[in-house]
Amino acid sequence: MVDTTATRISINAQLKRARSLESDGCTEEAIKDYRAIITKDRLNVDAYNRLMVLFRKQKDYKKEHQIIKKALYAFEKEIKENQREWKKTNRKSADLSENLAKALGLLDNLGDPVYDDPQMMTWRKRLRVVEQKLK
């Protein structure tokens, strides 16, 4: 079993180190740390956001585009996995909830939520901007 407390402390320490490297002007080292954090914690919003900022500052829109796509994919996958797991363990409640959500217009035709997390909305907006810059 993985000790999540130790992992969390290690990730928090690594985030602090990366921020420090960033403020010292060691951008490439900071990028390596942020990428390492994402490897350990694929849902680390802070690491994704800092990578996006650093690539934007470098005007490396291709890498920024890749990291935005990676972040969105990781979060979308997590949401779908959580939904699937909840549906498996709560079949009757899931059916009732799904029917109610559809009736209220909270789900699209595929059964995905219409509401989007504010962070994901921000990333999607930035993705459109970056895609325009890449054209």
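## Helix H6

How many residues does H6 have, and how far does it reach from its first C-alpha to its last? In this predicted model, H6 has 17 residues and reaches 24 Å, close to the 24 Å expected at 1.5 Å a residue. Its buried residues fall within an arc of 120° when seen down the axis, so they line one face of the helix. They are Met120, Trp123, Arg126, Leu127 and Val130. Turned away from that buried side is a face with the exposed residues Lys125, Arg128 and Gln132.

The loop between helix H5 (91–103) and helix H6 (118–134) contains leucine 106, which is partly exposed at 48% relative accessibility. Together with Leu100 and Leu104, Leu106 makes a nonpolar surface patch of about 310 Å².

## Salt bridges

There are 14 salt bridges in the structure. One of them joins the side chains of arginine 17 and aspartate 33 at 2.6 Å, N to O. Arginine 17 lies in helix H1 and aspartate 33 in helix H2, so this pair ties together parts that are 16 residues apart in sequence. Arginine 17 is partly exposed at 43%, whereas aspartate 33 is buried at 7%.

Within helix H2, glutamate 29 and lysine 32 are separated by about one helical turn, and their closest N and O atoms are 3.5 Å apart. Lysine 88 and glutamate 85 form a salt bridge at 3.8 Å, this time in helix H4. Arg42, Glu78 and Glu81 are linked in a network.

## Confidence

The average pLDDT is 91, and 93% of the residues score at least 70. Helix H3 has the highest mean, 98, and helix H1 the lowest, 85.

Notes. Residues numbered from 1 in each chain as written. Predicted model: local features only at pLDDT ≥ 70, side-chain atom pairs only at ≥ 80, totals over all residues. Heavy atoms only, no water. pLDDT = per-residue confidence, 0-100. Helix = DSSP H or I, 4+ residues; strand = E, 2+ residues; numbered from the N terminus. Patch = residues over 30% accessible without salt bridge, like charges linked within 9 Å, V, L, I, M, F, W, Y side chains within 5 Å. Areas by Shrake-Rupley, 256 points an atom, 1.4 Å probe, with all protein chains shown as cover. Salt bridge = Lys/Arg side-chain N within 4 Å of Asp/Glu carboxyl O. Buried < 20%, exposed > 50% of the residue type's maximum accessible area, 1.4 Å probe, protein only. Expected span 1.5 Å × (residues − 1). Arc of directions from axis to C-beta.
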